[in-house]
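Subject: Structure handover

Hello,

Here is the structure we talked about. Please open it alongside this note; my findings follow below.

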Amino acid sequence: FHASNIEMIIFEKTCDLASGRLKAKQIEEDFKTYGHEVPLHIKALMLLNLACFNIIDGNYTAAVKYLNTILNTQELSIRTDVNKIARILQLVIHYEMKNFDLLEYLLVSTKKFLGSKLSKLEHALIKFFGNIVKHPADKHAAMFDELTFTIKRAADTNGILNYFDFLSWAKAHATGKKLIDILKENMKET
């Protein structure tokens, strides 16, 4: 499972969606057969990586399924870093799915879970989601542009950018492009 997890990360970072979809399908099958043998901290991280990959792939239903497994399985709460990012990614997914009523509800529970010890980046994201649900869709691109600027300046002391590229996600919405296209552009620049 360690190798599969690394492969998923590689497919995500190289924007190889086709290979990532195949690997995700294989992991699903392996979970059915060997899932009980996977250490819980590894399982939680794998589910998070699968959720991140599916967000990039635009498969929000699958991403929600993986995040819900993390958040609703008591044994998987062993990794607080995974649970933190899973809650923030829930906000991303429900924004993408245009579930704004649910987003407001999730924002309250996410704030409660995260508490007051937020990094500047986490604080900026929570503030952003609190504001965006209050504005009409035609204002969102400008708000994402502002978020892009904020993310560039914010210190990520808790390392959440290691899990998901919030900067590229914000940039995609600010420019009206797909997230995968922004990620591919980023690869060309490096």
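Start at the N-terminal end of α9. Asp-165 caps that end, with a side-chain oxygen 3.3 Å from the backbone nitrogen of Leu-167. Bear in mind that this is a predicted model.

**Helix α9**

The helix covers residues 166-175. Its buried residues are Phe-166, Ser-168, Trp-169, Ala-170 and Ala-172. What covers them? The cover includes α5 (80-96), α7 (120-132), α8 (140-153) and α10 (179-189). Just after α9 comes Gly-176, which takes a positive phi of about 75°.

**Largest pocket**

The volume of the largest pocket is about 320 Å³. α7 and α8 each supply at least two residues of its lining. The largest share comes from α7, with six residues. The lining includes Lys-120, His-123, Lys-127 and Phe-128, along with Met-143, Glu-146 and Arg-153. By class, the lining of this pocket holds five nonpolar, three polar and four charged residues.

**Second largest pocket**

The second largest pocket has about 220 Å³ of space. Here α1 (2-13) and α10 each supply at least two lining residues. The largest share, four residues, comes from α10. Among the lining residues are Glu-12, Lys-13, Cys-15, Ile-56, Phe-164 and Leu-183. Asp-165 also lines this pocket, and Asp-165 is the residue that caps α9.

Cys-15 is one to check. Its phi is near 60°, a positive value in a residue other than glycine. Cys-15 sits in the loop between α1 and α2 (17-34). Is Cys-15 buried or exposed? Its relative accessible area is 9%, so Cys-15 is buried. Cys-15 is also part of the lining of the second largest pocket.

Lys-98 is the other. Its phi is near 60° too, again positive in a residue other than glycine. The loop between α5 and α6 (100-114) holds Lys-98. Lys-98 has a relative accessible area of 57%, so Lys-98 is exposed.

Over to you.

Best wishes

Terms used. Residues are numbered from 1 along each chain as its sequence is written. This is a predicted model: local features need pLDDT of at least 70, side-chain atom pairs count only at pLDDT 80 or more; totals for chains, interfaces and linings use all residues. Side-chain values use heavy atoms; hydrogens and water are left out. Buried means under 20% relative accessible area, exposed over 50%, partly exposed in between (1.4 Å probe, protein chains only). Contact means heavy atoms within 4.5 Å. A polar contact is a pair of N or O atoms within 3.5 Å; within protein, one must be able to donate a hydrogen and the other to accept it, and residues adjacent in sequence count only if both atoms are side-chain atoms. On a 1 Å grid over the protein atoms alone, a cavity is a set of points where a 1.4 Å probe fits but cannot get out, and a pocket is an open set with protein on both sides within 12 Å along at least five of seven lines; lining residues have an atom within 4 Å of a point. Grid points are joined across faces, edges and corners, and a volume is the space filled by probe spheres set on the points. Ala, Val, Leu, Ile, Met, Phe, Trp, Tyr, Cys and Pro count as nonpolar, Asp, Glu, Lys and Arg as charged, and the others, Gly among them, as polar.
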